[in-house]
Amino acid sequence: MSKLSYPLLDVSNLTMDFGGLRALNGVDLSVKSGEIVALIGPNRAGKTTFFNCITGIYTPTHGDIYISARGDKRRRINGMKPNLVTRHGMARTFQNIRLFPTMTVLENVIVGRHCRTHSGILGAVMRNSRTRREEQESVDRSYELLEKVGLQMFADELAKNLPYGAQRRLEIARSMATDPFILLLDEPAAGMNPQETAELGELVLRIREQEKIAVLLIEHDMKVVMRLSDRIYVVEYGQGIAAGTPEEVSKNPAVIKAYLGEEHDA
Amino acid sequence: MFGIKKSLLVSIWFMFLTFPLMVIRVDTIEKTVQWRWMNMVYVGVGAFLFSYVWRFLLERKAAGSAVDAPAATVKERFTQRILTDPKMYRPVIAIVLVGAVIFPLIMDTYQVNIMVTALIYVVLGLGLNIVVGLAGLLDLGYVAFYAVGAYAYALLNYHFGLGFWTVLPIGAGLGALFGIMLGFPVLRLRGDYLAIVTLGFGEIIRLVLENWNEFSFGPSGISNIPRPGFFGMAFDMHSATQYLYYLMVAMVLFTIFVVNRLQHSRIGRAWMALREDEIACQAMGIDRTKTKLTAFALGATWAGAVGVIFAAKTTFINPASFTFMESAIILSIVVLGGMGSIVGVMLAAFILVLLPEYLRAFSEYRMLIFGASMVLMMVFRPQGLISNIRKKDAYKRSSDA
Ligand SMILES: Nc1ncnc2c1ncn2[C@@H]1O[C@H](COP(=O)(O)OP(=O)(O)OP(=O)(O)O)[C@@H](O)[C@H]1O
Ligand SMILES: [Mg+2]
């Protein structure tokens with residue numbers, strides 16, 4: 001990749017105010033092609049707010065958010081509607097799982113295909129060959145994704161009946177169905193047991209290697225963060241306090257004080 | 001026992017509450033007071049029994065969901081099989097269809113007429129089911145679109161002499177248009193707020209029809225609306241009703257066909273996703289605005305079309321046919337039927353329309369029975385008569401096929 005190309009995601013000076021509360025204060029972050037980047041910080045640091053700002057759920061007070069699918073031209077997405085952000089190739093999962101509980105596992109994933117398919121009302125009623133072909137492609141692709149996250153045997157179960165860890169993986173499969181170039185994972189290992197967490201780590205690595213999707217993840221489990229990430233950003237009270245490789249960050253005194261220190265206290 | 005004690009308390013409380021009403025009677029002519037102690041006994045015994053049975057059922061329900069879960073799933077499986085296994089449901093459909101065809105030939109005009117009304121409500125229920133059951137948008141003003149269709153036919157016929165078959169698609173189109181008109185201002189609203197605004201919308205339409213005399217002829221309504229013709233042939237009363245009946249059967253079949261296809265399509269899944277989680281739905285790249293508007297429009301289309309048929313059936317319409325009560329009944333059909341279930345909605349439409357017709361003797365207690373049965377449903381079977389059954393084999397991989 002040439003030096004001139006844009007990062008996939010480039011956020012600068014992101015600030016978000018909720019009334020008097022400044023949840024984010026001038027945060028910079030970028031994710032380049034093929035990277036796994038972690039965003040860490042103590043509770044209520046503003047990590048989820050950061051995700052919500054860059055995916056269009058909130059419109060940030062200040063700052064610039066650019067995305068670039070191939071590095072040749074970039075697009076400013078401040079205040080863009082969430083569905084358009086997804087359509088432009090940035091997909092996410094949620095910290096407090098947000099599946100479609102009474103739809104089946106497979107249907108959940110097929111819904112993710114919505115923005116990559118086109119058939120309308122007429123197509124649905126006539127069920128012409130084009131619609132059928134598109135529908136079949138969605139189903140096949142969704143099964144494929146379910147296999148990737150290891151949920152194919154639950155395809156016809158209702159999403160709400162899945163165990164917790166499986167629900168998290170289903171959310172990942174669903175967001176991958178939107179064909180993103182970058183995937184944002186909000187605490188994907190939360191509530192998982194050690195074995196599930198290890199499998200999740202493998203999954204994230206596979207997403208990068210096989211699907212060529214870059215990953216930005218928020219995670220509290222430091223083992224996961226250290227093993228997966230190429231680079232780490234640390235935020236505290238809405239402020240970026242450090243950034244760098246896992247070694248750099250784990251040696252950074254500010255981080256040890258703010259983050260690791262807090263963990264030792266706890 | 002604890003339950004008996006509670007029920008006793010309830011019965012004493014009721015005897016006390018109803019004492020002035022049920023026991024004391026002042027005879028104004030004789031200027032005496034009658035003490036009807038027997039009534040108190042009736043109230044007491046009645047309240048005790050009612051409370052006890054209620055408690056018993058509630059307890060059984062609680063126990064049932066805890067202990068007898070497997071039994072419940074077996075029952076669910078059975079309904080599931082009837083509704084999803086072609087071997088089971090094909091004969092049922094055949095019998096129903098044959099029955100539907102011969103019904104008007106063996107029944108008198110009165111019966112056929114009632115059945116036409118029931119079928120109208122089936123279509124209304126299926127239409128509202130798109131909005132409420134599939135897309136999860138609580139719409140309390142649905143009757144407005146029904147009124148739009150009915151008045152479209154009445155007025156277009158009165159002023160321009162347009163025939164039934166011309167206005168039928170126009171009514172449907174106007175329904176869709178009004179659906180979008182309602183949809184726009186309520187895009188940001190959800191739940192209770194949405195319900196209140198849609199309720200207001202329904203009332204606005206009715207009040208306009210009631211008060212804008214020059215346009216809609218006010219409360220006196222419009223009469224002499226022609227029945228649908230059949231290539232210029234005129235019918236006598238009975239065959240006209242038969243004709244309308246077959247028309248409605250065709251309409252119901254068409255509605256089922258379309259709604260079923262919509263439900264199992266890209267758009268139908270978007271509606272369901274919207275119902276389940278609006279934020280996640282948007283995060284999946286679904287345009288919330290477009291999805292809501294299509295739901296409102298496609299739901300209202302059926303009310304518009306069926307409104308035209310209603311006007312043609314009664315040959316007389318006025319705003320009194322389109323009160324909030326109608327919206328409430330249609331919504332009850334959707335809720336009673338089980339949100340999103342086509343078979344359930346049809347069943348509920350028949351129950352809610354036919355029962356009151358045949359129980360004319362109890363017409364005074366109609367609303368009471370109606371309310372009581374709603375409460376009972378919500379307590380004991382909140383998922384509706386037939387909960388929405390997911391077709392498990394609806395999606396096959398191409399390699400399996
Ligand atoms: N919609 C909102 N309105 C007002 N305040 C908000 C809103 N969303 C987040 N906040 C506040 O912003 C701050 C950051 O919250 P955020 O959820 O981003 O933290 P987090 O880093 O994700 O924490 P955790 O690790 O617990 O998930 C908190 O103080 C929170 O109360
Ligand atoms: Mg968070």
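Me: How many residues surround ligand 1 in this model?
Reply: This is a predicted model, in which local features need pLDDT of at least 70 and side-chain atom pairs count only at pLDDT 80 or more, while totals for chains, interfaces and linings use all residues. Residues are numbered from 1 along each chain as its sequence is written, chains are lettered from A and ligands numbered from 1 in the order in which they are written, and side-chain values use heavy atoms, with hydrogens and water left out. The closest residues around ligand 1 include Arg44(A), Lys47(A) and Thr48(A), where a residue is near a molecule if one of its heavy atoms lies within 4 Å of it. The residues that surround ligand 1 number 14.

Me: Which element gives the largest share of the shell around ligand 1?
Reply: Helices (H or I, at least four residues) and strands (E, at least two) are DSSP runs, numbered from the N terminus. The largest share of the shell around ligand 1 is 3 residues, and the element that gives them is α1(A).

Me: How far from an oxygen atom of ligand 1 does a polar side-chain atom of Lys47(A) lie?
Reply: A polar contact here is a pair of N or O atoms within 3.5 Å. Gln95(A) has a side-chain N or O atom 2.8 Å from an oxygen atom of ligand 1, and for Glu187(A) the corresponding distance is 3.4 Å. For the polar side-chain atom of Lys47(A), the distance to an oxygen atom of ligand 1 is 2.8 Å.

Me: Is Glu171(A) buried or exposed?
Reply: Glu171(A) lies in helix α6, residues 164–176 of chain A. Buried means under 20% relative accessible area, exposed over 50%, and partly exposed in between (1.4 Å probe, protein chains only). Because its relative accessibility is 1%, Glu171(A) counts as buried.

Methods. A polar contact is a pair of N or O atoms within 3.5 Å; within protein, one must be able to donate a hydrogen and the other to accept it, and residues adjacent in sequence count only if both atoms are side-chain atoms.
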